[in-house]
Amino acid sequence: MAFMPKIGMVLGLLGLLLPWWVSIDGLSSEGARTLGVFIFAAIFWMTEPVPIYATSLLVILLQVFTLSSAGFFQSETGGTLPPYGSFYASLASPIIVLFLGGFSLASAAVKVGLDLNLTRWLLRPFGQAPSAILFGLMLATAMLSAFMSNTATTAMMMTVILPMVSVLDKTDPFRKALALSVPFAANLGGIATPIGTPPNAIALAALNQLGVKISFTTWMLLAVPLVVVMLLICWQVLLKLFPPQSKTVSLKLDGKFATHHAALLTYLIFGGTVLLWVTEKLHGIPSSMVAFLPVALLPALNVLQKKEIRNFPWEVLWLVAGGISLGVSLKENGVADWMLTRVSMDALGPVGAMMGFCLLGYIVANLVSNTVSASILIPLVIGFASGIQMAEADLTRNVVLIGIIVSFSMTLPISTPPNAIGMSSGLIDTKDMMKAGLIVGLVGGLMLIACALFYWPLFL
Amino acid sequence: MAVWKDEFMNQICILCVDDEPEVLEAIERDLRVFDDIFPVELAASAEEARKICSTIDGREDRLGVIVCDHLMPGETGVELLASLDVIPGAESARKVLLTGQAGHEDTIEAINRAGLDYYISKPWKGEHLQEVVRKLLTQYVLDQSSDPMSFMSVLDAGMIADAIHKKGMASDF
């Protein structure tokens, strides 16, 4: 085992056991155990002595045995601990079902080639000029990654750009622009909808626990303008840094939409579900209810079979569920409040503290998984908010802010899986990614804060 | 994303077997592009090839592709290829027969009994051999490696990206 996971293993386990040795001032014993689980989760998630989804499952296990009413310990304060079922419930919480709906749609789309054909169709109007094609690619990537996995979208788009790259001159900087455009657009596109990327789920689940519901439509109203502006900025940054040398780029866009039975059903269900999602505000049917339509209908109509269902990225759901279940204990046992009384942030004021959290989120998410960053930081933000008695609307905005800021981290190959794929293509150097990623990320962060302060109050 | 990758990952090797030193040298030259990532091992006979296989297995590496001549003193190439399935570390290796002297019968034998993946006749073009080995290595890592993505820059990037997309090989976190 490498150095960091080893250290992480030791520190994480120490953190977990801490409450048994040290009595912590201001915390009940269940509060202390919760703190232990939180420290364990944070360190294990960040240093990865075990895979991060396994850490999430351990978090659920630990809570079931040490923090539920049927567990080994009773509540010290005389209250009742949550039943163990409430921790398992995180595995099938509405937000998880929403993602499951996304997985079903994506799996069917891949099976019938909808995503690839949609990409080709979207790219046709963009002609052959390199700069126009670059924007077309970014737009198509972002639109798909808003509804499908960022990683899968990036991989698919790589198969579209690699043939283009191979006919370009080896010294043409535009090759780098192409190889960076896809992962960056995928990272940005994930912000656009609640199911775009797992950190969005973490933010929405945390808000759910606070009793705040944000509709699919509202999220898109908050996020889509930001994504569009950032796509334009990112496009210009890439063109400036890596200007195309050739006048035209050839793009093979043949391929027809499949018209067999399963394909037609997929188009119908995909279109219908997405339509119901984005119009949630008009009809009022919650997106998590709509999400079960594809989950149930696609297998019922035999579009998805055992093979595809087994191939769902279940570990993503587990990862998110671990974060959600941790929220249950943190909220019940007053740990969040306690944390904030230890850390004096009053001097910063609410806006200053939020900028601090944003910066922290940005930095951490560049180094570890975005989902993990959101899972660790959002409980801290909620704790801080209750510490200073922040207004509910401010809190909501701040939670969404953290959920989104992590998606702007795209400086390093390890920052996000799409970045890793872009880097693996061998077309770019780390310093290219760092330069472009830093500009896009920092501008994005500032735009996001501006949105949160001046634009979001229109909706939240 | 794993930040701290295991530094001691097992390597996937390429093994070239030919009794003529000049030929072996030529194959080695053609496949040198892979050597950084996929160590290229050379053997002058089937017997030596087996020894190398056991060293590869001994250091917990695996054999990804074997490029083998047919007519050699002692054991023939086809016999060697047919027996790879039971050699530890070489069970899943992709097999290329590179030969000028294999007769009709030998070729049939190679396909049916040794499960040959590719047949190249001598004289061969370096680029062709490279292309074949690249394809087969790509297939091998897609089948056998837990992290095919890391090989994208040296192997067939399109094939790997396609597999990541279709099989959902990379997680979204």
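1. A cavity, as the word is used here, is a set of grid points where a 1.4 Å probe fits but cannot get out, and its lining residues are those with an atom within 4 Å of such a point. The model under discussion is a predicted one, and by this rule the count comes to 1 cavity of 30 Å³ or more.

2. About 90 Å³ of space lies in the largest cavity, and its lining draws on both chains, with A:Asn150, A:Asn187, A:Thr197, A:Pro199, A:Asn370, A:Thr371, A:Ser407, A:Thr416, A:Pro417 and A:Pro418 from chain A, and B:Asp172 and B:Phe173 from chain B. Helix H20 (370-387) and H22 of chain A are the elements that give two or more residues to this lining, which by class holds 7 polar, 4 nonpolar and 1 charged residues.

3. Turning to the interface, 37 residues of chain A are in contact with 21 residues of chain B, and the two chains bury about 2,400 Å² between them, 69% of it on carbon and sulfur atoms. A:Ile414, A:Pro417 and A:Ser424 supply 18% of the area that chain A buries against chain B, more than any other three residues; A:Pro417 is also among the residues that line the largest cavity.

4. Across the interface of chain A and chain B the rule finds 0 salt bridges, whereas 7 residue pairs are in polar contact, both residues being at pLDDT 80 or more. Among the elements giving two or more residues to the side of chain A that touches chain B are helix H1 (3-21), helix H8 (150-167) and helix H22 (417-424), and H8(A) provides the largest share, 8 residues. The residues on that side divide into 21 nonpolar, 13 polar and 3 charged.

Terms used. Residues numbered from 1 in each chain as written. Chains lettered and ligands numbered in written order. Predicted model: local features only at pLDDT ≥ 70, side-chain atom pairs only at ≥ 80, totals over all residues. Heavy atoms only, no water. Contact = heavy atoms within 4.5 Å. Buried area = accessible area lost by both parts, 1.4 Å probe. Salt bridge = Lys/Arg side-chain N within 4 Å of Asp/Glu carboxyl O. Polar contact = N/O pair within 3.5 Å; in protein donor to acceptor, adjacent residues only side chain to side chain. Helix = DSSP H or I, 4+ residues; strand = E, 2+ residues; numbered from the N terminus. Nonpolar A, V, L, I, M, F, W, Y, C, P; charged D, E, K, R; others polar. 1 Å grid on protein atoms, 1.4 Å probe; cavity = no way out; pocket = protein on both sides within 12 Å on 5 of 7 lines; lining within 4 Å. Points joined across faces, edges and corners; volume = space filled by probe spheres on them.
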